[in-house]
Number of protein chains: 2
Amino acid sequence: MAGARSDSKLKKSEVVAGRIRDYIVNHELKPGDRLPTEGEFAKRFGVSRVAVREATTALGFLGILDAAPRRGLTVGRVSMKKLSRYLGFHFAVGNYPAEELIATRIVVETGGLAHVVERMACDPSIYQQLDAINSELRKARELNEWIKMDIRFHCSLVAASGLRGLAALNDLVQVFFRRFREDFPKALWKSGVESHQQIIDALRRGDCAKATELLTEHIGSHRARVGKPAEVESDFAE
Amino acid sequence: MAGARSDSKLKKSEVVAGRIRDYIVNHELKPGDRLPTEGEFAKRFGVSRVAVREATTALGFLGILDAAPRRGLTVGRVSMKKLSRYLGFHFAVGNYPAEELIATRIVVETGGLAHVVERMACDPSIYQQLDAINSELRKARELNEWIKMDIRFHCSLVAASGLRGLAALNDLVQVFFRRFREDFPKALWKSGVESHQQIIDALRRGDCAKATELLTEHIGSHRARVGKPAEVESDFAE
DNA sequence: AAATGGTAATTGTATTATAATTTGGTCCTG
DNA sequence: CAGGACCAAATTATAATACAATTACCATTT
């Protein structure tokens, strides 16, 4: 009942945003291409510049377009970083249950391992990079630093699969997961780093099954702590 | 070089959006909770109401909050459907390579299968639901209808894992994948439906390995068609 | 020809006004 | 006294306008 309006009656700025979207699609514009100015759109759509402005601002948030004085509007690039800045926290609010989030992490991260093994066989620098990050992690002395490096390790692990789409999804998952790292006890840091080491060593050996087992265990170790309930809708399904 | 501004100099509306986000986090607000009015925020942040309005509009696009006259601002629910309206088309513009998108789909969809088998054993209605959707798909006579039902089948398949986070990610992937369905030849519809049937039958038998193999093959069959190159950044990994 | 500075175009921000909508209360009626 | 209808106030929705800030482009000068 809450979002009933979203279909029955679109706000004007949403309509305008849709028309700008259509403009991009119909003209087959690619990132970097220029769009008409805000005033131009306002005149063309017969609305005030404020309405256009709200639409362009919102689309700017999504990374769909960029706006700069004198340059005007240009088609942008979707940036997961930009998105996660606003969406990541919301999953902390919307509360997916811990168990589901952990299981999702396992799926996404282990899903990339086979590709990692494949690429690592051709390119030894991949191992070195992961190893270097883990060394940094070992040197962490403060929680925020540790969190940052731990996230970087896991993101790099998935990125090493070469599947940028999967890496993008993983970026999101990691952000949603952040709250579980906030109270990660220092006593467990060391064993975490060792887990990482074992995982990348298994990958270098080409032992994908072992790496999968270790990573599943590693992520699953978070189950020890917490798990709030929640209610989150899924969309298309049903 | 394009998005350099995004870190060096945030627009005021982005700053305001960030502060509203922080407000929600700091007050531990949950979906449905009320926020101060736009005027209130404007006074509190020392900016004009237009700046607040741009922020709230953008956050409204993302589903992070709802705004209604007299009711004011309330914390919203993230809706993948809402997001995909604006992001889906952009991935068609931003162009992930087909191969990567296919591989990502395989990871996400097959990753949920083990959970599906588990839940299906306890709840036969899950099979019935998937079977019903596939029957609908079999009756499709028009491309748009077919696309819609095919997406619904695959989304329901992942949703059947019970992992709502994974289902949300999958919703996104399906939207990004849409462009590959646009020119799906009618001649292949029938074999697609049969693949679906074999998959859910394998799941009902508890044969997860077979289902995984079939689904991998099913999704991979898209490889026959196309594959544009692209350049898309990944974020955290570097 | 290159560098430098100015100018104009375009977005960024603020102010104000008015319309539309919805909640909540109040008043009237049975 | 209860219930419904209506009215009013609060709040968002939209618009019009003005000015500041920024920067791409051009002209001018050295």
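Predicted model: local features only at pLDDT ≥ 70, side-chain atom pairs only at ≥ 80, totals over all residues.

Residues are numbered from 1 along each chain as its sequence is written, chains are lettered from A and ligands numbered from 1 in the order in which they are written, and side-chain values use heavy atoms, leaving out hydrogens and water.

**Exercise 1.** Find which residues A:Glu38 touches.

Step 1: Go to helix H3 (residues 38-45) of chain A, where A:Glu38 is found; helices are DSSP runs of H or I, at least four residues, numbered from the N terminus.
Step 2: Leaving aside residues up to four places away in sequence, A:Glu38 touches A:Arg49, A:Val52, A:Arg53, A:Thr56 and A:Leu73 (contact means heavy atoms within 4.5 Å).

**Exercise 2.** Decide whether A:Glu38 is buried or exposed.

Step 1: Recall that buried means under 20% relative accessible area, exposed over 50%, and partly exposed in between (1.4 Å probe, protein chains only).
Step 2: A:Glu38 counts as buried because its relative accessibility is 11%.

**Exercise 3.** Work out how B:Asp201 and B:Arg204 are linked.

Step 1: They form a salt bridge, with the closest N and O atoms 3.9 Å apart (a side-chain nitrogen of Lys or Arg within 4 Å of a carboxyl oxygen of Asp or Glu).
Step 2: B:Asp201 and B:Arg204 are three residues apart in helix H11 (residues 189-205) of chain B, so about one helical turn separates them.
Step 3: B:Arg204 is exposed, at 52% relative accessibility.

Methods: Helix = DSSP H or I, 4+ residues; strand = E, 2+ residues; numbered from the N terminus.
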